[in-house]
Amino acid sequence: MATLNHDLAPSRRTDMHPARIVIGRNVWLGANVTVLPGVTIGDDAVVAAASVVTKDVPEKSVVVGSPARLVRLLTS
């Protein structure tokens, strides 16, 4: 078991478990956004400032908050 990207076992807490972050085309990230390992942000998405992205973000969507949640879908 691991929390974010570190082991829980005291003897292995310094071990890292990296995962790829994928950011699509034409994505806007606001200031101070944190994206956790293993997350994919779809094309044309907007992530509001100071958001913490813990799950995949669908394309053409706007996410806000900590944790980031979908607030609207973009059209056109």
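Me: In strand β10, residues 69-73, how many of the five residues are buried?
Reply: The count is zero, so the strand is hardly covered, given that buried means under 20% relative accessible area. Please note that the model is a predicted one.

Me: Which strand is joined to β10 by bridges, and do the two run parallel or antiparallel?
Reply: Strand β9, residues 61-64, is joined to β10 by four bridges, and the two strands run antiparallel.

Me: Which residue in β10 is the bridge partner of V64?
Reply: The partner of V64 is R69.

Me: What do β9 and β10 form, and how many residues lie between them?
Reply: They form a hairpin, with four residues between the two strands. In the turn, G65 has a positive phi of about 105°.

Me: What is the strand order of the sheet?
Reply: The sheet is open and has four strands in the order β4-β7-β9-β10, with mixed pairing. Its edge strands are β4 (28-29) and β10, each of which pairs on one side only.

Me: Staying with G65, which side chain has a polar atom 3.1 Å from its backbone nitrogen?
Reply: That is the side chain of S51. A polar atom of the S51 side chain also lies 2.8 Å from the backbone oxygen of A48.

Me: Where is S51 placed?
Reply: S51 sits in the loop between β7 (46-47) and β8 (52-53).

Me: Is S51 buried or exposed?
Reply: S51 has a relative accessible area of 0%. Buried means under 20%, so S51 counts as buried.

Me: Leaving aside neighbours within four places in sequence, which residues are in contact with S51?
Reply: With those neighbours set aside, S51 is in contact with N32, V33, T34, V63, V64, G65 and A68. Among them, V64 is the residue whose bridge partner in β10 is R69, and G65 belongs to the hairpin turn.

Me: Which residues make the nonpolar surface patch of about 240 Å²?
Reply: The patch is made by I21, I23 and L29.

Me: Changing topic, how many salt bridges does a search of the whole structure find?
Reply: The search finds one salt bridge. In a salt bridge, the side chains of D15 and R12 meet at 2.6 Å, N to O.

Me: Are D15 and R12 buried, partly exposed or exposed?
Reply: D15 has a relative accessible area of 24% and is partly exposed. R12 also counts as partly exposed, at 45% relative accessibility.

Me: Where is D15 found?
Reply: D15 is in the loop between β2 (6-7) and β3 (22-23).

Me: Which residues is D15 in contact with, leaving aside its neighbours within four places in sequence?
Reply: D15 is in contact with N5, H6 and D7.

Me: What separates the C-alpha atoms of D15 and N5?
Reply: The two C-alpha atoms are separated by 8.3 Å, while D15 and N5 are ten residues apart along the chain.

Methods
Residues numbered from 1 in each chain as written. Predicted model: local features only at pLDDT ≥ 70, side-chain atom pairs only at ≥ 80, totals over all residues. Heavy atoms only, no water. Buried < 20%, exposed > 50% of the residue type's maximum accessible area, 1.4 Å probe, protein only. Polar contact = N/O pair within 3.5 Å; in protein donor to acceptor, adjacent residues only side chain to side chain. Contact = heavy atoms within 4.5 Å. Pairing = 2+ DSSP bridges. Patch = residues over 30% accessible without salt bridge, like charges linked within 9 Å, V, L, I, M, F, W, Y side chains within 5 Å. Areas by Shrake-Rupley, 256 points an atom, 1.4 Å probe, with all protein chains shown as cover. Salt bridge = Lys/Arg side-chain N within 4 Å of Asp/Glu carboxyl O.
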